[in-house]
Amino acid sequence: MSMNSVSKYSFGKVTWKCPSNIALIKYWGKRGHQLPLNPSLSITLKNAYTVTELAWEKGEGLDFYFDGALNEAFKEKIKKYLDSLPYSFLKEYKFKISSKNTFPHSAGIASSASSMGALGLCLASLIKNEMDEDFYKLASNLARLGSGSACRSVYGNMASWSDEFAIPIKNIHENFKGMKNSILIVDRGVKEVSSRAGHALMENHPYRERRIQRANENYKNLNEAIASGDFETFGAIVEQEALELHALMMTSSPSFILMKPKTLSLIENIKTFRQESGLNLYFTLDAGPNIHLLYPDSQKDKISSFIKEQEVEVLEDEMGCGPELISFEGETYGN
Ligand code: PMV
């Protein structure tokens, strides 16, 4: 990231809409400054997103509004984040940030991915003037510094991340176009382990080296399945990654069991349904008990009756085309 970029805008505002994402190959564990131990790969969602407006003028200070109300806790977090960025000229601005999500805070969807993604895009609009490939690299890098997984949210469809910024997955077979993601809400409770504490558990984990190897193998094989349209191999790798993430948590010190009995019974039902119907219904899990179902758009009618039978709350989502610039107004110096 260049440290010499200087915005030409003395005041202005920008609004970005940025979706959340769900990892298929899981980022778990850090190296260096906010870099991942292993490569990860995710699908970008469509319905779960954050809209953030960043307004700036010459001066100093920060106001942070969440859902229309001043929010001091978020303000402190964002202030620390802004101070940590390698752009000293940001200190010459007074910022007003207003943010809202389309999904409830506790629905088991990573709100940090969409919110830091949206803020990264807003800051990139202030720092850089053209929306070329480098713009998205910058936005992804800025998002990563706030929340690792957020760096993947600045691209549509699927993205992978192994270094300072994420990159879009270019070779996606049409079998995956419009892939569905139905989220079965098992528990709306607050996360038992923060992702910061979770990543730290990998530092001295007994399976650390093996995990890095496995994630690299899974990453390579998943990319091949995505390119060739092999939904079965895709599903097998995705389920194995989800269970491995939870296995890593169960075998760390201290250990965490984040699945609930209901999570396990739903997984059994998914496996039985898959065997009996021959349909491509697979699951993944985040660091919590809720289940993200993944299945092809072409099978949605048959799968929706299975979902109804589970009698749990469902949030419907699908693979989406990525962030959107809603508006930009900037007043240049000397105007
Ligand atoms: O971006 P963080 O620090 O909230 O970590 C996210 C970790 C997982 O959601 C479990 C996996 C991932 O790759 O998104």
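**Entry 1: strand β11**

By buried I mean under 20% relative accessible area; exposed is over 50%, and partly exposed is in between, with a 1.4 Å probe and protein chains only. Strands here are DSSP runs of E with at least two residues, helices are runs of H or I with at least four, and both are numbered from the N terminus.

A note to keep in mind: this is a predicted model, where local features need pLDDT of at least 70 and side-chain atom pairs count only at pLDDT 80 or more, while totals for chains, interfaces and linings use all residues. Residues are numbered from 1 along each chain as its sequence is written, and side-chain values use heavy atoms, with hydrogens and water left out.

**Entry 2: the partner of β11**

Which strand does β11 join? I found 4 bridges to β12, residues 291-295, and the two strands run antiparallel. Two strands pair if DSSP finds at least two bridges between them. I291 in β12 is the bridge partner of L285.

**Entry 3: the ligand**

D286 turned up again in the surroundings of the ligand, along with A23, K26, Y27, W28, S112, S147, G148, S149, R152, S195 and H199.

An N or O atom in the side chain of S149 is 2.7 Å from one, a polar side-chain atom of R152 is 2.8 Å from one, and for H199 the value is 3.0 Å. The protein buries 93% of the 380 Å² that the ligand exposes when taken alone. Such areas come from the Shrake-Rupley method with a 1.4 Å probe; for residues, only the protein chains shown count as cover.

Why does the ligand lie between two domains? Domain 1 (9-171 + 321-332) and domain 2 (178-318) both give residues to its shell, so the ligand lies between them. The domain bounds come from an automatic or database domain assignment.

Most residues other than glycine have a negative phi, and most peptide bonds are trans. I went looking for exceptions.

S253 and P254 are joined by a cis peptide bond, with omega about -5 degrees. P254 is in the loop between α6 (231-250) and α7 (261-277).

N157 has a positive phi, near 60 degrees, and belongs to the loop between α3 (133-146) and β8 (158-161). Its relative accessibility is 31%, so N157 counts as partly exposed.

E311 also has a positive phi, about 50 degrees, in the loop between α8 (300-309) and β13 (313-318). At 73% relative accessibility, E311 counts as exposed.

Technical notes: Near = heavy atom within 4 Å. Polar contact = N/O pair within 3.5 Å; in protein donor to acceptor, adjacent residues only side chain to side chain.
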